[in-house]
Amino acid sequence: MSENLESPDSVKILLVDDEVNITKSLRRLLMQSEDYEIFVGNSGAEGLEQIREQVDIGVIISDQRMPQMTGVEFLGEARKLAPDAIRILLTGYADIEASIAAINQGAVYRYLTKPWQDDELLSTVAEAASHYRLLSENKRLNALVAKQNAELQDWNTRLKQRVLDQTSQIRAKSDALAEMNQQLRAGFAETIEALAGLIEMRDRRVPGHSRNVAELVEAMATGLDLPAEEVRNYRSAALLHDIGKIGMVDELLRKNLAEMDEPERIEYQRHVVRGQAAIDPVLELRDLGLLIRHHHENYDGSGFPDGLGKEDIPLGARLITVADCFERKLHQFAEDEALQEALAAMKQEWGGRLDPGLRKVFNSAAEEIFCRLEFSAEVVERKVSPKELEVGMQLRHDLYSGTGVLLLKKGTLFDEAAIDAIKRCFMIDPFEREIAVLIEKNSA
Ligand SMILES: [Fe+2]
Ligand SMILES: [Fe+2]
């Protein structure tokens, strides 16, 4: 709090009279109270001088009859210099009318007649002093409120700015974090896709198996309106479902389940548990381990490794079983009839091996994924080199790398990313034949 806002302890009183005796006796009278600090001027001019020196004069008592400047004239000037000071005029009976006029004009607060009664004068001055105190206290409080308001407003503005600054900082950090998270997730997904590629290399009889199963599982999970995270997890589990086959002997990989003897069958069945164990050390994949473990359970309870049935089998695992079963069937038939034959062969599996509740969602997903290749009058076939690939072309047959790894499934529509990937692969693991694609007649 600054000094000028403090309440005054004593009130400064200015006495102005050309008669020294009067000012002396007034001073003596007023000095009885410790509440006053007395200043004296022997003329109007001296009085004004005092006011200029003492900025906070509280009460001014002036005689009316003075040479050069009358009391009313002096008090009028004093009012300009100290508008808050309470002005009292000392006047003889002869001047009463002039005094009343001065009061009416607002130049004077009160008048006192000479000779005065001490008691009356003291009480008038006390009243004036308390009036002045009230006025200045009021002024002080108003100034204080105004100052605190200004401070509050200033704080408010700064606080608002700070909140805005911090909000934008937090937003920037959270954006960066989300970006990093996205990169991590993308990196993780790419690693899983790469692992799936390794699994496919191990089991060449069914090229593209993991990715086909994953695509079908993803489409079915999406068709079931599952949350995005769950769809993503099921896709990852589908990509890795046969990871336990990596350690399987070649001889076993070449055989169908029906051709295996008992020890071979037991060894084959271990791939689900080995798969779960293989990914268990990776914390982010641990939950997927269960889906991998149960992807050979049958709906009727006749599967392995735990003989679970119906809803006891996790939904993700049931989806993988459906996709796995269909994908294997696709490879059993010649390319052009494979889709229709495999779809027909699926009919006998529902309710036994497969969850019949998933039949509908499977049919739409399979149609969406495997019936992409449409021949119509608007489409013609062309053979192109990887360099000649263009966005919008559609792959006519499955495309394999030079060393026999499935690169893209037939029906794939080429986009920039697919074209880049094929060009890269052509440099690393070149394939000889040209790529058969379908293009629209108009653009041919
Ligand atoms: Fe399997
Ligand atoms: Fe499989």
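Visitor: Why is Lys310 called partly exposed, rather than buried or exposed?

Guide: This is a predicted model, so the value is computed from predicted coordinates. Lys310 has 49% relative accessibility. Buried means under 20% and exposed means over 50%. The value for Lys310 falls in between, so Lys310 counts as partly exposed.

Visitor: Where is Lys310, and what is its phi?

Guide: Lys310 is in the loop between α10 and α11. Its phi is near 45°, a positive value in a residue other than glycine. Most residues other than glycine have a negative phi.

Visitor: What makes Gln68 count as exposed?

Guide: Gln68 has 80% relative accessibility. The cut-off for exposed is over 50%, so Gln68 counts as exposed. Gln68 is in the loop between β3 (57-63) and α3 (71-81). Gln68 is not a glycine, yet its phi is positive, about 65°.

Visitor: How do you know whether Phe304 is buried or exposed?

Guide: Phe304 has 8% relative accessibility. Buried means under 20%, so Phe304 counts as buried. Phe304 is 38 residues from Ile266 in sequence, and their C-alpha atoms are 10.0 Å apart.

Visitor: On to the metals. What makes a residue a donor of the iron ion (ligand 2)?

Guide: A donor atom is an N, O or S within 2.8 Å of the metal. His209 (NE2), His241 (NE2), Asp242 (OD) and Asp324 (OD) lie 2.2 to 2.3 Å from the iron ion (ligand 2), so they count as its protein donors. Their spacing along the chain is H-x31-H-D-x81-D.

Visitor: Why is the site of the iron ion (ligand 2) called irregular?

Guide: The angles among its four donor atoms are 71 to 170°. Four donors count as tetrahedral if all angles lie between 85 and 135 degrees. Water is not among the atoms, so sites may look incomplete.

Visitor: What are the protein donors of the iron ion (ligand 1)?

Guide: They are Asp242 (OD), His271 (NE2), His295 (NE2) and His296 (NE2), lying 2.2 to 2.3 Å from the ion. In sequence they are spaced D-x28-H-x23-H-H. The angles among these four donor atoms are 83 to 173°. A tetrahedral site needs angles between 85 and 135 degrees. The site of the iron ion (ligand 1) is irregular.

Visitor: Why say that His271 and His296 tie parts of the chain together?

Guide: His271 lies in helix α9 (residues 262-279) and His296 in the loop between α10 (286-293) and α11, so the pair ties together parts 25 residues apart in sequence. Both His271 and His296 are buried.

Visitor: Which residue bridges the iron ion (ligand 2) and the iron ion (ligand 1)?

Guide: Asp242 coordinates both. The two iron ions lie 3.7 Å apart.

Visitor: Last topic, the largest pocket. How do you know where it lies?

Guide: Domain 2 (203-371) and domain 3 (373-444) both give residues to its lining, so the largest pocket lies between them. Its volume is about 940 Å³. Of its 31 lining residues, the closest to the centre are Glu193, Arg211, Leu407, Leu408 and Ala421.

Visitor: Which element gives the most to that lining?

Guide: α14 does, with seven residues. By class, the lining has 14 nonpolar, five polar and twelve charged residues.

Notes:
Residues numbered from 1 in each chain as written. Chains lettered and ligands numbered in written order. Predicted model: local features only at pLDDT ≥ 70, side-chain atom pairs only at ≥ 80, totals over all residues. Heavy atoms only, no water. 1 Å grid on protein atoms, 1.4 Å probe; cavity = no way out; pocket = protein on both sides within 12 Å on 5 of 7 lines; lining within 4 Å. Points joined across faces, edges and corners; volume = space filled by probe spheres on them. Helix = DSSP H or I, 4+ residues; strand = E, 2+ residues; numbered from the N terminus. Nonpolar A, V, L, I, M, F, W, Y, C, P; charged D, E, K, R; others polar. Domains from an automatic or database assignment. Donors = N, O, S within 2.8 Å, 3.2 Å for Na, K, Ca; no water. Tetrahedral: all angles 85-135°; square planar, octahedral: opposite > 155°, others 65-115°. Buried < 20%, exposed > 50% of the residue type's maximum accessible area, 1.4 Å probe, protein only.
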